[in-house]
Amino acid sequence: MKREVFYPPVGIAHVTNKLSDLILYKYKGQKKVIINTSAQPNSSPHLGTITTLMTAFGLAGKIRGDLKVDTEVQFDELENSPAETIEYNGEIYYKDQRHSFYNQESKEQVNMRKFEDILEKLSIFANVPYSIRSYNEFQNNKYVRRAIINIVNEKKYFKELLFPSATDLHIRTICPACGLGKKTIKKLEEKHNKNKLVLKGYCPVHGSYEIKIAENNKEYVDINTQFRDLTKGIAMLEEDKENNTLTIMLDGGDWAGIWAQRMHTESLVKLGFTEFPIRFFAPVILDWSGAKFSKSLYLKNDAYKDINSAFINYDNFIEYYGEKGMKKLWNEVENWIEDPKKFFRNYSVDYFQMIMGENNNE
Ligand SMILES: [Zn+2]
C-alpha cells in the first residue's frame, strides 16, 4: 500500500538549502574532498549498512557536482572487531575478524568480498572512486599513535570523558603470535612517558608480552570505538593540512548527538585542537518501535523474524531484489542527498518495504 510520507522541517534542515552548503565554511579550494566512512566486516551487511555506504557515495557525487571538485570515498574496514570469544582458565579472550577463520579463510576475507562488491557497484553508480583502509593500516598512522600516547598522558581526564562507567582506559593488545586478546580490561597494565607507551599483555598459550607504541613504530594496538572515533578525527585534520584535502566523516545517525560532542569534540579541545572535522550522519534505519535495525541483535536472538529477510543481509537482498533492487535503493538514497529535509531524518523498515515492493518485478 502506498502511503503519504511527510518531511517536517527540523533542526539543521530548516536552515540548509543543499547539503554542500554545509561544507562551504571549510572548503577553500582544496584539491580533493574525501568522504570517510567505516564498517565492521563481521557479516554480510544489512540494509542500514548498505544505505550508509550509499550515503557516502551519494554525498561524494553531490559535492563534486556542486563544487566542481574531485571527490573520493575512503572506506575504513574495522577488521579489529571481535569475531569469536574463547575461554581459558575462566578468562574470556577474543579473536578479531583477521585471526578468526571459516575453513581456510579469515572472516575478514570472506565478509570483505561482500563489501567490495557493494563498493564497486556504488563507485559505478556515483562515478566516484574509492579506497579501502584496513584498521591495521589505520593504527600505524603516526598521528593516531601520537594521539594515543597523549591521551594516556592525560589519563584521568580521558577516563572520565571517554569511559564514564569503566574503571580504566580501554586499549587492547593481542598476542603477536596468535592474535588472542583479553576481552575485558579492568586495569590497563602500562608504562608511559611523553613519547612512548608500553602495554603489557598476556596470552594463555604464548605467555607474557609487551607492545611498544611510539609515533613511528608499527607494533599493533587495538583501540576501541571512542579512541578510534577521536584519533580518526585527529589524523584527518593533520593529513588534510599536509595533503591540501578536506575530509568529511560520515557515520550512521546513531553516532550523532552526545557521542559526537563529548567523545569527539570535547576530546579534541582537551588535546589542543581548535578546528574540528565536518561530520555528517546518515539516516538510521529503524524497526517498528523506533529502535535501530541492528545486526548484532538479529544474530543474537532471532529478533527480526517478521522482517523481510532481504533487509537482513546483502546476499538475501540480491537474491530477492536483484541488481535492479540495488539501483532502486540507490535512487532512493540519492533523493535524500538532494534534499536536506529528506536527509536529516530516519526511515523505518516499513518504509523500505513500501518503496522496494514485494519482489523484483515491481
Ligand atoms: Zn598467543
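**Terms and their grounds**

Reply: N244 follows helix α6 and has a positive phi, near 55°. The model is a predicted one, in which local features need pLDDT of at least 70 and side-chain atom pairs count only at pLDDT 80 or more, while totals for chains, interfaces and linings use all residues. Residues are numbered from 1 along each chain as its sequence is written.

Me: What makes α6 a helix, and how does its span compare with the one expected?

Reply: Helices are DSSP runs of H or I with at least four residues, strands are runs of E with at least two, and both are numbered from the N terminus. Helix α6 covers residues 225-243, which is 19 residues. The expected span is 1.5 Å times one less than the number of residues. By the DSSP rule, the chain has 11 helices and 17 strands.

Me: Which residues of α6 are called buried?

Reply: A residue is buried if 20 or more other C-beta atoms lie within 10 Å of its own, exposed if 12 or fewer do, and partly exposed in between, with C-beta atoms placed from the backbone. In α6 the buried residues are Q226, F227, D229, L230, T231, K232, G233, I234, A235 and M236. Over the chain, 37% of the 362 residues are buried.

Me: How do you know that β3 and β4 are paired?

Reply: Two strands pair if DSSP finds at least two bridges between them. Between β3 (residues 82-88) and β4 (residues 91-96) there are 6 bridges, and the strands run antiparallel. Y88 has E91 of β4 as its bridge partner, and I86 stands opposite Y93. In this hairpin, 2 residues lie between the strands, and N89 has a positive phi near 50°.

Me: Why does the radius of gyration agree with a compact globule?

Reply: The radius is taken over C-alpha atoms, and the globule rule is 2.2 Å times the number of residues to the power 0.38. With 362 residues the rule gives a value near 21 Å, and the chain has 21 Å, so the two agree.
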